[in-house]
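Morning, everyone. Let's look at one structure together, starting with its cavities and moving on to its domains. Here it is.

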Amino acid sequence: MPLNMTQGVTEISQQVYDLHMKIFYICCAIGVAVFGVMFWSIIHHRKSKGVAPAQFHESTKVELLWTALPVVILILMAIPATQTLIAMEDTSEADVTILITGSQWKWHYKYMDHKVEYYSLLATPRKQIDNKLKKGENYLLEVDRPLVIPTGKKVRFLVTSDDVIHSWWVPAFAVKKDANPGFINEAWTKVDHPGVYRGQCAELCGKDHGFMPVVVIAKDQADFEQWIAQEAAAQAAAKAEEQKLLSMNMSKEELMALGEKTYMGYCAACHQPNGAGIPGVFPALKGSKMALEDLPAHIDIVLNGKTGTAMQAFAKQLTLSEIAAVVTYERNAWDNNTGDVVQAADIAKAQKP
């Protein structure tokens with residue numbers, strides 16, 4: 001483990017590191033001077049040498065000196081610190097703007113200049129977390145969909161939250177910005193070289209706080225433009241395909257297969273693979289009144305979540321067919337056997353305008 005802070009890969013991160021070292025050396029010099037004078041005084045003015053202590057009680061000169069010296073030192077430290085802080089907060093003239101939204105326990109990235117947005121979730125296998133597999137090199141610091149940014153461009157981050165306070169932190173960029181519900185904080189970076197940079201949520205945001213990593217891939221401008229064009233085309237095609245599904249019906253077997261996959265990826269961590277939940281923490285779906293009887297409420301809570309709880313809204317995270325499939329699965333798995341079949345068109349009708 002390194003003993004010092006990360007130097008980083010951006011100009012700002014280098015300024016932060018240089019400031020840190022400058023203040024550290026000043027503090028070391030002050031410590032050496034103070035303890036040097038103290039030990040010198042103890043040794044050369046000890047009682048055994050017969051030294052008579054000087055009397056300067058309520059000396060105006062001494063009081064002015066020990067007030068003026070710290071003030072001068074603080075001013076000398078404040079000048080470079082202020083310059084660095086001002087540079088860190090200057091988000092003007094950005095080339096790319098990305099809205100970052102934290103939610104328990106994932107990040108959502110939306111490119112404000114392009115029609116591209118997606119969620120980024122932890123990709124570490126559950127078996128590693130449960131100590132059933134050997135932990136990988138980037139244990140708990142890997143995601144399914146990293147944030148992609150261009151090199152050599154100023155990238156502005158707008159950071160907010162859907163639920164509790166999170167904190168988007170990438171040490172290599174010297175960027176650590178709180179994501180507060182109802183507020184938007186700003187930060188920026190400019191990465192000069194392609195690479196993969198990792199971070200995580202730095203705010204204690206709940207049960208799975210440790211499972212909310214950040215991964216950023218910096219690409220050359222040409223590669224970034226190619227990637228963003230491909231993503232925009234793929235997301236547009238997915239939306240068009242979703243609209244086609246509104247006029248189609250999937251079989252119960254198809255819904256159950258897709259629903260199980262979706263449930264294991266998004267719901268099983270809280271409600272457990274067997275639907276039993278965690279007593280007192282997460283409600284069971286197996287045998288629950290909602291999953292057996294109240295279909296409209298079941299669809300509504302998956303779409304819109306439940307305020308004040310860990311139940312998130314999945315309207316933006318999942319497709320209409322995935323939501324239809326997972327509701328169908330939850331109403332027919334674990335001996336629930338309601339026989340209910342929910343289609344994408346049913347979810348579209350239930351969505352709030």
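Cavities to begin with. A search of the whole structure turns up 1 cavity of 30 Å³ or more. Keep in mind that this is a predicted model. The largest cavity has a volume of about 40 Å³. Which residues line the largest cavity? They are Leu-245, Met-248, Asn-249, Met-250, Ser-321, Ala-324, Gln-343 and Ala-344. By class, that lining has 5 nonpolar residues, 3 polar and no charged.

Now the domains. The protein is split into domain 1, covering 11–44 + 59–89, domain 2, covering 96–125 + 137–244, and domain 3, covering 252–350. I'll stay with domains 2 and 3.

The C-alpha centres of domain 2 and domain 3 are 27 Å apart. Domain 2 puts 8 residues into the contact, and domain 3 puts in 12 residues.

How much area is buried between domain 2 and domain 3? About 830 Å², with carbon and sulfur atoms giving 53% of it. On the domain 2 side, look at Tyr-119, Lys-207 and Glu-242. Those three supply 53% of the area that domain 2 buries against domain 3, more than any other three residues.

Next, the polar side of this interface. How many salt bridges does the rule find between domain 2 and domain 3? The count is 0. Polar contacts do turn up: 3 residue pairs between domain 2 and domain 3, both residues at pLDDT 80 or more. As for composition, the side of domain 2 that touches domain 3 has 3 nonpolar, 2 polar and 3 charged residues.

That's my part. Over to you for discussion.

Technical notes: Residues numbered from 1 in each chain as written. Predicted model: local features only at pLDDT ≥ 70, side-chain atom pairs only at ≥ 80, totals over all residues. Heavy atoms only, no water. 1 Å grid on protein atoms, 1.4 Å probe; cavity = no way out; pocket = protein on both sides within 12 Å on 5 of 7 lines; lining within 4 Å. Points joined across faces, edges and corners; volume = space filled by probe spheres on them. Nonpolar A, V, L, I, M, F, W, Y, C, P; charged D, E, K, R; others polar. Domains from an automatic or database assignment. Contact = heavy atoms within 4.5 Å. Buried area = accessible area lost by both parts, 1.4 Å probe. Salt bridge = Lys/Arg side-chain N within 4 Å of Asp/Glu carboxyl O. Polar contact = N/O pair within 3.5 Å; in protein donor to acceptor, adjacent residues only side chain to side chain.
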